[in-house]
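Here is a briefing on one protein chain. Please look over the sequence and the model before reading on.

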Amino acid sequence: MNGHATAEVVPAWPLHSRIPLAALPTAPACARGHVRAVAHEWGLPGLADTAELLASELVTNAVQAYERSRLRADRAIVPVVKLWLVSDQLSLVIHVWDACDEMPVRKDADPDEAGGRGLLLVEALGKEWGAYREAGGKVVWVAL
C-alpha cells in the first residue's frame with residue numbers, strides 16, 4: 001500500500017432529462033409519453049416499454065401519496081411530482097420525487113384488489129430500486 005487514498009470511480013451519467021408534473025390523475029400518462037420518447041431519443045428502444053411502465057407506476061404512487069395526504073391537510077394548491085431520467089447510454093434510471101414524507105413499502109396485494117402491485121412490478125422488472133429522503137420529500141428510483 002502506498003499510503004494514498006484512491007478515489008472510487010463513479011460511472012458517468014451523461015444523459016439527463018427532468019420534467020415537473022402536476023400531481024393529477026393525468027400525470028402517469030404524461031410520464032409514460034415522456035419516458036418513451038426520451039428512451040428512443042437516447043437510443044434505448046429496448047428499455048422503452050419497461051421504462052414507460054415503471055415510470056407510470058412510480059408517478060401513480062406519488063400522486064396517490066398526495067391524495068392520501070390531502071385527506072389530512074386540505075390543500076388548495078396542486079402539488080408537483082418531479083420525474084427525472086439519467087442514462088449512461090446502456091442503462092436508464094428513473095427517479096420520481098414528491099413532497100410526501102411517507103416512504104414506499106412493497107406489499108403483497110390480494111388477488112381481488114384493483115391496485116397495490118406497483119412496487120412488485122418495479123422490483124420484478126427493475127435491476128434494482130430504492131428510495132431516499134431529499135429536499136422536503138422523497139425520491140423513489142428504479143434502474144433498468
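The points below cover the fold, the core, the central strand pairing and selected side chains.

This is a predicted model, in which local features need pLDDT of at least 70, side-chain atom pairs count only at pLDDT 80 or more, and totals for chains, interfaces and linings use all residues. Residues are numbered from 1 along each chain as its sequence is written, and side-chain values use heavy atoms, with hydrogens and water left out.

**Overall fold**

- The chain holds three helices and five strands. These are DSSP runs, numbered from the N terminus (helices: H or I, at least four residues; strands: E, at least two).
- Along the sequence the pattern reads β-α-α-β-β-α-β-β.
- Of the 144 residues, 38% count as buried. Buried means under 20% relative accessible area, exposed over 50%, and partly exposed in between (1.4 Å probe, protein chains only).
- The accessible surface is about 8600 Å², and 56% of that belongs to carbon and sulfur atoms. Areas come from the Shrake-Rupley method with a 1.4 Å probe; for residues, only the protein chains shown count as cover.
- Among contacts with a separation of 6 or more, 64% link residues 24 or more positions apart. A contact means heavy atoms within 4.5 Å.

**Nonpolar core**

- The largest nonpolar core has 37 residues; Leu58, Val59, Val81, Leu83, Leu85, Ile94 and Val96 touch the most other members.
- At least two residues of this core come from each of E1 (15-22), H1 (27-41), H2 (45-72), E2 (80-87), E3 (92-98), H3 (118-125) and E5 (137-143).
- H2 gives the largest share, nine residues.
- A nonpolar core is a set of buried Ala, Val, Leu, Ile, Met, Phe, Trp, Tyr and Cys residues joined through side-chain atoms within 4.5 Å.
- Leu83 touches Ser17, Arg18, Ile19, Leu21, Ala31, His34, Val35, Ile94, His95 and Val96, leaving out residues up to four places away in sequence.

- Seven of the seven residues of E3 are buried, so the strand is largely enclosed by the rest of the structure.
- Leu92, Ile94, Val96 and Asp98 point one way from E3; Val93, His95 and Trp97 point the other way.
- E2 and E3 pair in the antiparallel sense over six bridges. Strands pair if DSSP finds at least two bridges between them.
- Val86 has Val93 of E3 as its bridge partner.
- The hairpin of E2 and E3 has four residues between the strands, and Gln89 there takes a positive phi near 75 degrees.
- E3 and E5 also run antiparallel, joined by six bridges. Val96 has Val140 of E5 as its bridge partner.

- Trp84 lies in strand E2 and is buried, at 9% relative accessible area.
- Trp84 and His16 are 68 residues apart in sequence, yet 7.2 Å apart C-alpha to C-alpha.
- The charged end of Arg18 sits over the ring of Trp84, 4.7 Å from its centre.
- The charged end of Lys82 sits over the ring of Trp97, 4.6 Å from its centre.
- A charge sits over a ring if NZ of Lys or CZ of Arg is within 6 Å of the ring centre and within 35 degrees of the ring normal.

**Leu119**

- Leu119 lies in helix H3 and is buried, with a relative accessible area of 7%.
- Leaving aside neighbours within four places in sequence, Leu119 is in contact with Leu58, Asn61, Pro104, Val105, Arg106 and Trp129.
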